[in-house]
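Hi,

Here is the structure I said I would pass on. Have a look at it first, and then read my notes below.

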Amino acid sequence: MRVAVLASGGGTNLQALLDTCRGSAPARVVLVACNKPDAGALDRARQAGVDTHVIADPADGPAMTAVLQQYEVDLVVLAGYLKLIPEAVVAAYDGRMINIHPALLPAFGGPGMYGMRVHRAVLESGATVSGPTVHLVDPEYDRGRIVAQWPVPVAPDDTAETLQQRVLAIEHQLLPAVVLNAAIAGGVTRLLANGDSFQASSGGSVTLSDTLHQPNDR
Ligand code: GRF
């Protein structure tokens with residue numbers, strides 16, 4: 001499965017994918033595209049020998065579609081990409097574009113809810129559980145159908161920063177799990193929490209507990 005990753009920032013989730021999708025893995029990152037020329041994600045891609053692209057105008061749907069088609073992309077992963085995807089691109093990759101969000105959607109999402117704001121809102125709400133969500137992308141921010149979630153407890157003395165770190169460590173395991181499962185299943189499939197591991201909702205025998213227990217050093 002040929003994967004394109006779109007990012008705007010540091011790209012630690014991209015790194016998790018680069019580290020997972022190599023060797024004999026069934027998925028490969030073939031393109032990293034950023035709307036910021038100085039995004040750390042571009043350096044990570046170059047370091048891994050993956051082609052990069054700077055998106056000159058994030059609202060230019062035809063240009064974005066052309067690049068994705070040029071690389072024969074099967075799956076588009078938004079990993080910290082902060083711009084809205086043009087509707088034509090969303091339509092072209094319907095069911096084949098996913099985003100990772102650092103809270104349990106449908107709460108704590110939507111326009112303006114990104115970065116530390118999400119974790120502050122979780123703490124202010126008094127919620128006792130947070131955790132990342134991977135969802136399909138539709139024309140609205142953070143509203144597409146949910147593919148996978150993993151609970152992360154909120155600690156009594158959490159700050160937005162400590163909560164962010166705990167959720168991010170799980171993001172680095174959840175996103176590769178979804179991508180590998182999509183590659184094996186031949187499309188994005190909902191993952192259901194099953195004890196301390198996942199099962200594909202397609203009924204396949206794919207269990208990704210190994211991915212969920214790798215040490216995290218990103
Ligand atoms: C992550 O928290 C992700 O959930 C959100 O943006 C952040 C990106 O972090 N969409 P990184 O660039 O992958 O380090």
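A quick term before anything else: a polar contact is a pair of N or O atoms within 3.5 Å; within protein, one must be able to donate a hydrogen and the other to accept it, and residues adjacent in sequence count only if both atoms are side-chain atoms. Keep in mind that this is a predicted model, where local features need pLDDT of at least 70, side-chain atom pairs count only at pLDDT 80 or more, and totals for chains, interfaces and linings use all residues. Residues are numbered from 1 along each chain as its sequence is written, and side-chain values use heavy atoms, with hydrogens and water left out.

One of its oxygen atoms is 2.8 Å from a polar backbone atom of Gly11, and an oxygen is 2.7 Å from an N or O atom in the Glu171 side chain. The protein covers 80% of the 370 Å² of accessible area that the ligand has on its own (Shrake-Rupley method, 1.4 Å probe).

Which residues surround the ligand? They are Gly10, Gly11, Thr12, Asn13, Gly80, Ile100, His101, Pro102 and Glu171 (a residue is near if one of its heavy atoms lies within 4 Å). Helix 1 (12–20) and strand 5 (97–101) each supply at least two residues of that shell; helices (H or I, at least four residues) and strands (E, at least two) are DSSP runs, numbered from the N terminus. Domain 1 (1–94) and domain 2 (100–218) each give the shell at least three residues, with bounds from an automatic or database domain assignment.

Two backbone details are also worth a look. Most residues other than glycine have a negative phi, and most peptide bonds are trans. Leu105 and Pro106, however, are joined by a cis peptide bond with omega about 10 degrees, and Pro106 lies in the loop between strand 5 and helix 5 (116–125). Glu72, in the loop between helix 3 (61–70) and strand 4 (75–78), has a positive phi, near 50 degrees.

Cheers
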